[in-house]
Amino acid sequence: MSMELMVWREDEPITREQAAQTYRLAKGAPPGDAVVAEVAALAKELPGHAKVFPEHALIVMEPDDLDEVSNRVFALARRHGLVCYDPQRHLVHNLAPLGINPETQLHTGDGMLVTNPDLALVHDVLGTLSPQNPFAVLVTFGHHFIQVSPGYELEYKEGTIRSTMVPALEEVRRAFHEYAIGERGFLDRFEWSAR
């Protein structure tokens with residue numbers, strides 16, 4: 001069964017609900033000849049995967065190439081200034097606001113990889129932790145990372161690995177947000193054990 005992503009242009013960040021509504025409305029749109037330039041440029045870089053419409057493109061992927069193609073689409077959408085909606089995960093990739101380090105990567109246990117993720121995406125991904133998505137991590141390779149697994153075991157590495165149990169999802173989200181914007185208040189809020 002094939003899966004798809006949708007890309008289009010937005011002037012401001014949007015919510016997952018707004019993205020889902022745009023996706024539902026766009027599904028019935030007829031193909032057209034006049035296409036938004038950024039959408040056409042992205043589609044050109046994904047031959048065999050992109051169905052182009054006047055204001056958006058649907059990127060169709062088979063399960064065997066889902067992770068590889070979707071990770072490429074996330075990067076291309078960012079480069080072309082487009083929003084990307086993932087209806088399978090019900091996640092939207094906005095262009096902003098971003099964390100402080102453009103080399104930071106978001107990895108999930110269900111195969112998503114996004115370089116320089118927007119802060120709302122990080123927030124929303126943390127709500128998808130489950131047996132099918134057993135971890136989420138923000139990593140700046142060679143420097144440090146923050147990671148969480150279901151049950152809210154939080155790990156932080158900068159030199160040594162430290163871990164703690166966090167009582168609620170909102171505290172996990174706050175810690176990830178702080179990490180993304182270069183703050184480390186979460187290190188003082190919790191009791192950590194060295195590993």
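**Pocket lining and aromatic pairs in a predicted model**

Guide: To begin, Asn116 sits in the loop that runs between S7 and helix H4 (119–126). Please note that this is a predicted model.

Visitor: Is Asn116 buried or exposed?

Guide: Asn116 is buried, because its relative accessibility of 12% falls under the 20% cut-off.

Visitor: And which residues is Asn116 in contact with, leaving aside neighbours within four places in sequence?

Guide: On that basis, the contacts of Asn116 are Arg78, Leu98, Gly99, Asn101, Pro102 and Thr104.

Visitor: Let us turn to the largest pocket. How many residues line it, and which lie nearest its centre?

Guide: The lining of the largest pocket has 13 residues, and those nearest the centre are Phe74, Ala75, Arg78, Val114 and Thr115. Two elements, helix H3 (66–79) and strand S7 (113–115), each give two or more residues to this lining.

Visitor: Which element gives the largest share of the lining?

Guide: H3 does, with five residues.

Visitor: How do the lining residues divide into nonpolar, polar and charged?

Guide: Eight residues of the lining are nonpolar, four are polar and one is charged.

Visitor: How much space lies in the largest pocket?

Guide: The largest pocket holds about 160 Å³ of space.

Visitor: A change of topic: how many aromatic pairs are there?

Guide: The count is five aromatic pairs. One of these joins Tyr23 and Tyr85, whose ring centres are 5.7 Å apart and whose planes stand at 55 degrees, so the pair is tilted.

Visitor: Where do Tyr23 and Tyr85 lie?

Guide: Tyr23 belongs to helix H1 (residues 16–26) and Tyr85 to strand S4 (residues 83–86), so the pair ties together parts 62 residues apart in sequence.

Visitor: Are those two tyrosines, Tyr23 and Tyr85, buried or exposed?

Guide: Tyr23 counts as buried at 14% relative accessibility, and Tyr85 is buried too, with a relative accessible area of 3%.

Visitor: What about Tyr156 and Tyr179: why is that pair edge-to-face?

Guide: Their planes are at 75 degrees, with ring centres 6.3 Å apart; an angle over 60 degrees counts as edge-to-face. This pair links distant parts of the chain, with Tyr156 in strand S10 (residues 153–158) and Tyr179 in helix H5 (residues 169–180), 23 residues apart. Both Tyr156 and Tyr179 are buried.

Note on methods
Residues numbered from 1 in each chain as written. Predicted model: local features only at pLDDT ≥ 70, side-chain atom pairs only at ≥ 80, totals over all residues. Heavy atoms only, no water. 1 Å grid on protein atoms, 1.4 Å probe; cavity = no way out; pocket = protein on both sides within 12 Å on 5 of 7 lines; lining within 4 Å. Points joined across faces, edges and corners; volume = space filled by probe spheres on them. Helix = DSSP H or I, 4+ residues; strand = E, 2+ residues; numbered from the N terminus. Nonpolar A, V, L, I, M, F, W, Y, C, P; charged D, E, K, R; others polar. Buried < 20%, exposed > 50% of the residue type's maximum accessible area, 1.4 Å probe, protein only. Contact = heavy atoms within 4.5 Å. Phe/Tyr/Trp six-rings, centres within 6.5 Å; stacked < 30°, edge-to-face > 60°.
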